[in-house]
Amino acid sequence: MTETKETRAILTKEDLINQFKNCGLTKGQHIFVHTSLSKLGFVVGGPETLIRSLLEIVGEEGTLMMPSQTWKNLDPSTGVHWEEPMEWWPIIREHWPAYDKEITPAISMGAVAEMFRKWPGSKRSDHPARSIAAVGKHAEYLTQNHDLCNIFSKGSPLDKLYQLNGHVLLIGVGYDKNTSLHLAETRANYPTKKFVYESSAIMDEGKRKWVTYETQAVDDGDFVRLGEEYDKEMNIRIHRVGNAEVRFLEQRPLVDWATAWMERNRV
């Protein structure tokens, strides 16, 4: 049998609004968005159109969040500069630019997230490696006081979204990109949980400073399996927007379920 390729969708802003509304998005929601733009098909206007469509749906009473991580601003010994020889590591440590939330680009977060962090009214958290960006009613609340040691746990942007009964939107990506599962990691009790020291370049009173801080080590190696079981047990509907598979999830039930799952399965 001859296989046929799926016809590539072409999507306008109006198409996106209608199709995302069919997924359950509506005014006043607070949504953490993870997206692969290319999976949608051809979006007329690219990242700008996607962001405008989502902001129009949630309206002035809603909020959008996206990852804006700068994870290369970590010590080379963690593996983030795997392309570079070990003898360069001291130079990288001494000269890697300090995190500046107005300038430092999001690394490998995609074109949508990179445009979003610079969107008018966008707020960005201060963590030098694991920042998030937000636009909307609770943008400032979600991004403020992102402590060096507290990347994902209580009081972090993820936990604040949990307190707001927020949602997670996965556009063309799977559970391995679902940052909210890291909140479950911090809540779960399992014997292999550990803490590590990380280092990053920050600005301190106008000067670049290389700082070391303790934080929980996280591991997304079982997120795909966890997600498959969550979909099945909770009967999660997988929507379609253009050519992309889309999941629209309530964050709190997901995190609570994932916390219990990790306590059963991580040994």
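## Sheet architecture

Seven strands form an open sheet in the order S5-S6-S4-S2-S7-S11-S10, with mixed pairing; strands here are DSSP runs (E, at least two residues) numbered from the N terminus, and two strands pair if DSSP finds at least two bridges between them. Strand S5 (123-124) and strand S10 (239-241) stand at the edges with a single partner strand each, so one side of each is left without a neighbour in the sheet.

Strand S7 (residues 167-171) and strand S11 (residues 244-250) run antiparallel and are joined by 5 bridges. Within this pair, Val168 stands opposite Leu249 in S11.

## Basis of the model

This is a predicted model, in which local features need pLDDT of at least 70 and side-chain atom pairs count only at pLDDT 80 or more, while totals for chains, interfaces and linings use all residues. Residues are numbered from 1 along each chain as its sequence is written, and side-chain values use heavy atoms, with hydrogens and water left out.

## Nonpolar cores

A nonpolar core is a set of buried Ala, Val, Leu, Ile, Met, Phe, Trp, Tyr and Cys residues joined through side-chain atoms within 4.5 Å; buried means under 20% relative accessible area, exposed over 50%, and partly exposed in between (1.4 Å probe, protein chains only). The largest nonpolar core has 41 residues, of which Phe20, Leu25 and Leu169 touch the most other members. Helix H3 (residues 46-58) gives the most to this core, with 6 residues; helices are DSSP runs of H or I with at least four residues. Apart from this core lies another, of 30 residues, including Leu158, Leu254, Val255 and Met262.

Leaving aside neighbours within four places in sequence, Leu169 is in contact (heavy atoms within 4.5 Å) with residues including Phe20, Leu25, Leu54, Val246 and Phe248.

The structure holds 1 cavity of 30 Å³ or more. A cavity is a set of points, on a 1 Å grid over the protein atoms alone, where a 1.4 Å probe fits but cannot get out; lining residues have an atom within 4 Å of a point. The largest cavity has a volume of about 60 Å³, the volume being the space filled by probe spheres set on the points. Among its lining residues are Phe32, Arg130, His146 and Leu158.

## Helix H10

Thr259 is placed in helix H10 (residues 251-265) and counts as buried because its relative accessibility is 11%. Leaving aside neighbours within four places in sequence, Thr259 is in contact with Ala184, Arg187 and Ala188. Ala260 also lies in helix H10, but counts as partly exposed at 32% relative accessibility.

How values were computed: 1 Å grid on protein atoms, 1.4 Å probe; cavity = no way out; pocket = protein on both sides within 12 Å on 5 of 7 lines; lining within 4 Å.
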